[in-house]
Amino acid sequence: MNEGQYWYNVETGGIEKGPQSDWTKLLGPYATEDEARNAMAKVQARNEAWDAEDEEDE
């Protein structure tokens, strides 16, 4: 089902085509290798936005 999709492995920093590692180590799925490669930047941006939102609520 997910073999044609890409995954970012948070443990190795590598990209996997199709889930090859334990799901607890993967972010995805992503439609393209480039999207998977940028997964951590997207996570960081979301975390910063949530942190800013939390600060506004205080």
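Helices are DSSP runs of H or I with at least four residues, strands are DSSP runs of E with at least two, and both are numbered from the N terminus. The model is predicted, so local features require pLDDT of at least 70 and side-chain atom pairs pLDDT 80 or more, while totals for chains, interfaces and linings use all residues. Residues are numbered from 1 along each chain as its sequence is written, and side-chain values use heavy atoms, with hydrogens and water left out.

**View A. The salt bridge of Glu 33 and Arg 37 in helix α1.** The two side chains meet at 2.7 Å, N to O; a salt bridge places a side-chain nitrogen of Lys or Arg within 4 Å of a carboxyl oxygen of Asp or Glu. Because they lie 4 residues apart in helix α1 (residues 33-37), Glu 33 and Arg 37 are separated by about one helical turn. Glu 33 is partly exposed at 37% relative accessible area (buried is under 20%, exposed over 50%, partly exposed in between; 1.4 Å probe, protein chains only). Arg 37, at 47%, is also partly exposed.

**View B. The salt bridge of Glu 11 and Lys 25.** The closest N and O atoms of this pair are 3.9 Å apart. The pair links distant parts of the chain, with Glu 11 in the loop between β1 (6-9) and β2 and Lys 25 in the loop between β2 and β3. Glu 11 is exposed at 58% relative accessibility, whereas Lys 25 is partly exposed at 28%.

**View C. Thr 24 in the loop between β2 (15-17) and β3 (26-30)****.** Thr 24 counts as exposed, at 51% relative accessibility. Its C-alpha atom is separated by 8.9 Å from that of Val 10, 14 residues away along the chain.
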